[in-house]
Amino acid sequence: MNAPLLVDAHHHLWDLSRRPQPWLDDPAVASIRRTFTPDDLHSTATRPIAGRRLHGTVVVQCIADVAETEDLLALADGEPLIQAVVGWADLTSPAIADVLDQLIAGPGGGYLSSLRHLVQGETDPNWLQRPDAERGLRAARDRGLRYDVLVRAHQLDQAIRLAERFPDLPQVLNHAGKPDIDRQDFADWERGTRQLAAHPHVVCKVSGLITEADHTHWTTADIRPVWEVLLSAFGPERLMFGSDWPVANLAGGWNRWAATVDELLTGWSESDIDALLVGTATAFYGLAPVTGEEDATARRS
């Protein structure tokens, strides 16, 4: 029987000739200030993890623009590698229900699985509890969508309150809540992460960690304390692998992160490896089951 393959539950794509990405104007990210396509990902993601090669992906929005989400949905409709889209729509808009209905009915709308807002950039410490944002979250929930939670470590209280107030909205913590790996300062992050993990409808992406470390000098030993907290708090059945490519290129890239995950999986059972690399993402995002090499072109159910 063929071994299950690998799902990358978090990556990005952008075409600068079609859709500007203003955040790329920051000199700190100059090395990724170019267009990235599915072909780039195909050619880059060559390193297996636990003997598994890339089978499918979840592409995630970058900017607060419905047009970008429309682009990603249309791209997913013609690209077998992409099996789900995490899009953006203005949760605070009175028209949010209509916008979501239009996205779902539009080209590739069946691939819209979740929404995300860059709460990490909001100064309001209660942004996720704003009445208008909660109205938008209810609209997403009522349409069978999930929610990708993007907060920094100091904003985990918002994520905890979100989990408490929306027990029927599946939620995934992006980038493990962005712990400060560079300074190895984990106390508050660990406390918040464990409180959030107490809510069984919340899962977590093991992604974006290397860009929270020293981009040039990080080692597996720097990542391991975060890995161990996540494993203890969520368990492998509620963790999913994500590359955060091409942002990961700022700190070593897809293959170096894959090699690190491979090392950290040493001693894991096959069932736990399967959960992290395939099962959790498949269940959360509603992807087509991954059963082996012969199913590599299967699409989202």
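Predicted model: local features only at pLDDT ≥ 70, side-chain atom pairs only at ≥ 80, totals over all residues.
Local features need pLDDT of at least 70 and side-chain atom pairs count only at pLDDT 80 or more, while totals for chains, interfaces and linings use all residues. Residues are numbered from 1 along each chain as its sequence is written, and side-chain values use heavy atoms, with hydrogens and water left out.

Let's start with helix 4, which spans residues 131-142 (helices are DSSP runs of H or I, at least four residues, and strands are runs of E, at least two, numbered from the N terminus). Its buried residues are D132, A133, E134, G136, L137, A139 and A140 (buried means under 20% relative accessible area, with a 1.4 Å probe and protein chains only).

Next is R19, in the loop between strand 1 (6-11) and helix 1 (38-44). Beyond its neighbours within four places in sequence, R19 has contacts (heavy atoms within 4.5 Å) with I63, D65, A67, E68 and D71.

Now for the rings: the whole structure holds 7 aromatic pairs (Phe, Tyr or Trp rings, using the six-membered ring of Trp, with centres within 6.5 Å; planes under 30 degrees apart are stacked, over 60 edge-to-face, the rest tilted). Two of them are tabulated here.

| Pair | Centre distance | Plane angle | Class |
|---|---|---|---|
| W14 and F36 | 5.4 Å | 80° | edge-to-face |
| F284 and Y285 | 4.9 Å | 90° | edge-to-face |

W14 and F36 sit 22 residues apart in the loop between strand 1 and helix 1. W14 is buried at 3% relative accessible area, and F36 is buried at 3%. F284 and Y285 are both buried too. Ring pairs also join W14, W23, F36 and W245 into a cluster.

Terms used:
Expected span 1.5 Å × (residues − 1). Buried < 20%, exposed > 50% of the residue type's maximum accessible area, 1.4 Å probe, protein only.
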